[in-house]
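Please look over the sequence and the structure shown here before reading on.

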Amino acid sequence: MSERLRIVVQGASGRMGQAVLALLAEHPRFQLAAAMVSTTSSSLGRPLGPAWPGLVYRADWSGLSAFDLVIDFSGPAGFESAVNEAERHGAALVTGTTGLDAAAQARLDQAAQRIAVFHAANFSLGVAILGRLLAQAARALPDWDLEIVEAHHRRKEDAPSGTALALGRQAAHARGVKLDEVAVYAREGRCGPRTDGEIGFAVVRGGGIVGEHQALLIGPAERIELAHRADDRSIFARGAVTAADWLSLQAPGRYGMEELVADRGT
Ligand SMILES: NC(=O)c1ccc[n+]([C@@H]2O[C@H](COP(=O)([O-])OP(=O)(O)OC[C@H]3O[C@@H](n4cnc5c(N)ncnc54)[C@H](OP(=O)(O)O)[C@@H]3O)[C@@H](O)[C@H]2O)c1
C-alpha cells in the first residue's frame, strides 16, 4: 500500500479547521503532519488530542518535515503564509479562505504556476451541482422568470449571500447576460410589474439556519424549483477534504469546484 499523504492544516483551531481535523483523523489517504495557528494563538503548544499523540498546535513552519498538501481555513490573516509555505515546499494548496482581494487572487495564480492550487468560497458539493443544474435550466428556458431565495441564520450580516449571488451569476452567464444588468435585489411599494429577463433575489433571516438556497424558474403555467439545504457546517470541511483528495492527483495549476464536479462526470 502506498504511503499516506502528509497534510498541514492552517487555521487548525478555528471552526472549519476543527471540522477538517475531525475528518482527517479517519481519512484513509491522508495523515496529519501539522496543525498551524497564529503566533498569538491561545492554542499554541496545546496537544491536538488522542487521535494525534505527540502533536501540538504550532505557529512555526520552520522545522516541519516534508509535507504534500496544505489545507487553509485561516482567513485573510493566515492565507499569505499558507500560500508561501505551500509553494516553498512544493506542496499542493486547498484554501477556503473567503473575501480574497484581487492581489490575493493574483498570488494564487502565480503560485499555480508551480503547485496545484484549489480555491473555493463554498466547498459544498451540493451547491456546486445546484449551480450547474441552474445554469442548464436557465439556458434551456430563457423566457422563464427566475427568482433566487436564500435563508440564513439571524447573525448573518450580508445579503444576499455570496452563494446566492454566485448562483445568479451562473444563471446570467448561461443566458449570455451580466448579473448586474438583470438583478433585482429589492421590491417595495408600487415597484411595477416584473420585467422580462429579471433575476430577482429574496432573503430570509432567522434562528440558526445554516444555509438554504432555492432557484425558482417560473413558466406560464408550470415551474421548476431547484433547492439546496445545508444541515451542518461539516459539509464545507467534507468538500475541502474531497477537493484535497482530488487535487493530490492533479498537475500544477489553478482549480475550483467547477473542475472538480466536471471531473466527477456531472
Ligand atoms: N469555502 C468554504 O466553504 C468556507 C466555509 C466556511 C468558512 N469559510 C472561510 O474559512 C475561513 C475560516 O472560517 P472559520 O469560521 O473557521 O473562522 P475561525 O473560526 O475564526 O477560524 C480561523 C482560525 O484561523 C486561525 N488563524 C488566524 N490567523 C492565523 C495565522 N496568521 N496563521 C495561522 N492561523 C491563523 C485562528 O486561530 P488562532 O486564533 O488560534 O490563531 C482561527 O481559529 C474564513 O475565511 C471563512 O469565511 C469558507
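Domain bounds, as used in this report, come from an automatic or database domain assignment. On that basis the chain is divided into domain 1 (5-119 + 234-263) and domain 2 (125-230), and their centres, taken over C-alpha atoms, are 31 Å apart. Five residues from domain 1 and five residues from domain 2 make the contact, where two residues count as touching if their C-beta atoms, placed from the backbone, lie within 7 Å.

This is a predicted model, in which local features need pLDDT of at least 70 and side-chain atom pairs count only at pLDDT 80 or more, while totals for chains, interfaces and linings use all residues. Residues are numbered from 1 along each chain as its sequence is written.

Helices (H or I, at least four residues) and strands (E, at least two) are DSSP runs, numbered from the N terminus.

| Partner of β4 | Bridges and sense |
|---|---|
| β1 (residues 5-10) | four bridges, parallel |
| β5 (residues 92-95) | four bridges, parallel |

Within these pairings, Asp-72 is the bridge partner of Gln-10, and Ile-71 stands opposite Val-94 in β5.

Around the ligand there are 26 residues, of which Gly-11, Gly-14, Ser-38, Ser-41 and Gly-78 come nearest; a residue is near if its C-beta atom, placed from the backbone, lies within 6 Å. Both α1 (15-24) and α2 (76-88) supply at least two residues each of this shell.

Definitions and conventions. Two strands pair if DSSP finds at least two bridges between them.
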